[in-house]
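Here is a short briefing to read beside the model. Take a moment with the sequence and the fold, then work through the points below.

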Amino acid sequence: MKQKNENYWLLDAPVTKAIWHMAIPMMLGMSVNIIYNITDTFFIGKLNDTAALAAITLLLPFTTILMAIGNLFGTGGSTLFSRLLGSKNDEKARQCSATTLWLSVVFGLLAMVISLIFRNRITLLLGTDANTFDYVKQYLIFYGIGAPFVIANFTLEQLIRGDGESVESMIGMIISVGTNIVLDPILMFGLKLGIRGAAIATVLGNATAVVYYVICIQRANKQLSAMPQYFKPEKMMLKEIFSVGFSAMLLDILLIISSIMFNYYALKYGDYVLAGFGISQKLVQIVDLIGMGLYIGVIPLIAVAHGAKNNERMKEIIKKTTMYLALLIAGLFLVLFIFRNFIVQCFSNDPNVIHIGTFILTVQLCSSFFAAGAGILTSIFQAKGNGTPAIVMSVTRGLILIPSIIIGNYLFKVNGVIFSLLIAETISCITGWVLYKIINIKDSKKFEQ
């Protein structure tokens, strides 16, 4: 981590080169997480116990909440850090990074205590029955103990990227996932820990990444700091961290609730509809994650340009990122749309699943354009420190989907459920565009004055 490289990519590099320098490692990191989800499920499936697999699904809200807390500090802290970096306020940048990290650790310890004290009540709230209760409780205890590492990992990954170190950020993600994949079979089957081994492997993977990130920060010896003496939470700093970070946390939670509702309503129309949704979501997830890698990856570039008051560079970053995002989504859309029948048949040979799956895939591919639009607009708001618009976008994307599913199901049955995501993402994208235009008009008036 050399300072001249960081300054070059964040402040001086040609915009196109800077965008791809920040985005490609983020895309690869996202891809690694897909591999982790598949392999983790694979190893748990090898326990040959349906209740264990069901337990992992039931645990999703709990693990998502910890991830959301990490994103609260990661998004809020890293965007503020990048803006301070752009304004060349090195002392405040150190204070921001250290405060963000240690706040994430404090909240992680709090989550650990709550998880252990209320483990039985939380296990019941997750919807367990007699078959899944023990599995969920075992996983929850060990994952809860590792909450400080889980939350700190999500926070540090974004802080490192906010400093322009996209490659180091990606390496940390690979270390976390790689450690987990290696330890899963050893702990689950070698030491016969079963589902507890899966939880411990995940925690150790996160802990290893945290150690790597801290070493990177300490070696750099510059604006990014993990030293406790810089932990100085000030009112204005906390306000900026939480106002922007809350939007990221809220979106994570609302999307999980929406996903649960999707599964509930899809199941009402039969297993083949739920299977069709499952296949489609896995395929569209590829499009969404690649898009996310691009628009999340450039957040530090926008934040630094905004902090440096370099409006021309910021506008060029936003314009080119939007263009590249549209081309990427369009290319992936065409490939998946043209080969949609063949791809769905790779997952199932049931004619009903193939028929409904290809239809759902087509609709959800259309929604990916609007999801990408809403995503880039939310990233711009977060990068510029526009906390209220970022929260409005998160609420819009999450809350509109829930009534869209309910009303769509009531009026148009299964077709209403299928089209609800497209409707919600379209409304969110339009809402974001209106907010973006309003903010630009206000910024222009301030600039003229």
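F337 is partly exposed at 29% relative accessible area, while F333 is buried at 16% (buried is under 20%, exposed over 50%, partly exposed in between, with a 1.4 Å probe and protein chains only). This is a predicted model, in which local features need pLDDT of at least 70, side-chain atom pairs count only at pLDDT 80 or more, and totals for chains, interfaces and linings use all residues. Residues are numbered from 1 along each chain as its sequence is written, and side-chain values use heavy atoms, leaving out hydrogens and water.

**Aromatic pairs**
- The structure holds 14 aromatic pairs (Phe, Tyr or six-membered Trp rings with centres within 6.5 Å; planes under 30 degrees apart are stacked, over 60 edge-to-face, the rest tilted).
- One of them is edge-to-face: the rings of F42 and F43 have centres 5.4 Å apart and planes at 65 degrees.
- F42 is partly exposed at 48% relative accessibility, whereas F43 is buried at 16%.
- F333 and F337 are stacked, with 5.7 Å centre to centre and 5 degrees between the planes.
- One aromatic cluster is formed by F62, Y139 and Y143.

**Cysteines**
- There are zero disulfides in the structure (a disulfide is a pair of cysteine sulfur atoms within 2.5 Å).
- The closest cysteine sulfur to that of C216 is in C96, 19 Å away and too far for a bond.
- C216 is buried at 9% relative accessibility, but C346 is exposed at 54%.
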